[in-house]
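Please open the structure in your viewer and keep the selection panel at hand.

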Amino acid sequence: MPVAELARVSELGVRGLEVAPSRIWADTWQGLAASQVSAYRQQVEAAGLRMVGLHSLIFDHPDLGLFKDAETRSHTLDFFTHLSAVCRDLGGKTLIWGGGRRRGDVSLADAFDEAIAFMGELCARIDDHGTVFCFEPLGPKDSDFVNSVHESIRIVETVNHPSLRVQLDAKALMENDEINEATFVAAAPYLVHYHANEQGLGILGEGGAVPHARLGQLLQGIGYDDWVSIEQRMLPDKDPLEILARSIGHVKDCYP
């Protein structure tokens, strides 16, 4: 999003910003200077917003991820440690891990073992950052590993470190048939972030499939009072912020 539009976003009632690093910087790793991170934070805060965290973590590094060879695993640990520091320096907290974890021929049992070992090492590295990684439970079309909130909780409880917590995603909850009180109660002790979205990442409330009002009730039922982040793709329009305003209105109606 152009810096000039950040103030307009704030005027719409948005309080925080969750960003994909590759949409902000051409080089998100070796060529990313501390001064660039500091400058972006200043721009965000000058617009009356605060940084929430990062998502789409390895979009520009598709070679990285879980279930890779030892060298790639090491590079992924290094990159995530770096992103955690970037998130910290931006004033953010959460790093949401969605893509880059297809297990393919790796058995489910081995996949859990590898994910637990990986996150244990990562959490030890970022222990003093004050940041939190979350596996994003995704629908079966988007991933073949961590397709359930309960699978995410299993990893969190096994690693048992405050730098690993749970995130919920509206469309994934629907796709995985987890829009129920039991799922939200199980997630409650670890829940730090929530994505409000639609299938296809369109305008909230206009897809018709995701019951945001019910999801808002379930969040209220567990006393959730942290960030509700709109996840929406850029839609063709003369004024993209007018489109965003419609989603913001739906969030205010459904997630009080």
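**Stop one: helix H9**

Select residues 240-254, helix H9: at 1.5 Å a residue, its 15 residues should span 21 Å, and the end C-alpha atoms lie 22 Å apart, which agrees. The expected span is 1.5 Å times one less than the number of residues. Helices here are DSSP runs of H or I with at least four residues, and strands are runs of E with at least two, numbered from the N terminus. This is a predicted model, in which local features need pLDDT of at least 70 and side-chain atom pairs count only at pLDDT 80 or more, while totals for chains, interfaces and linings use all residues. Residues are numbered from 1 along each chain as its sequence is written, and side-chain values use heavy atoms, with hydrogens and water left out.

Next, colour Leu241, Ile243, Leu244, Ser247, Ile248, Val251 and Cys254, which are buried (under 20% relative accessible area, 1.4 Å probe, protein chains only). Seen down the axis of H9, the buried residues fall within an arc of 150°, so they line one face of the helix; the arc is that of the directions from the helix axis to the C-beta atoms.

**Stop two: the sheet**

Show the open sheet of 7 strands, ordered E1-E2-E3-E4-E5-E6-E7 with parallel pairing; two strands pair if DSSP finds at least two bridges between them. Its edge strands are E1 (16-19) and E7 (228-230). Then select E5 (residues 164-169) and E6 (residues 191-196), which pair over 4 bridges. Asp169 stands opposite His195 in E6.

Technical notes: Buried < 20%, exposed > 50% of the residue type's maximum accessible area, 1.4 Å probe, protein only.
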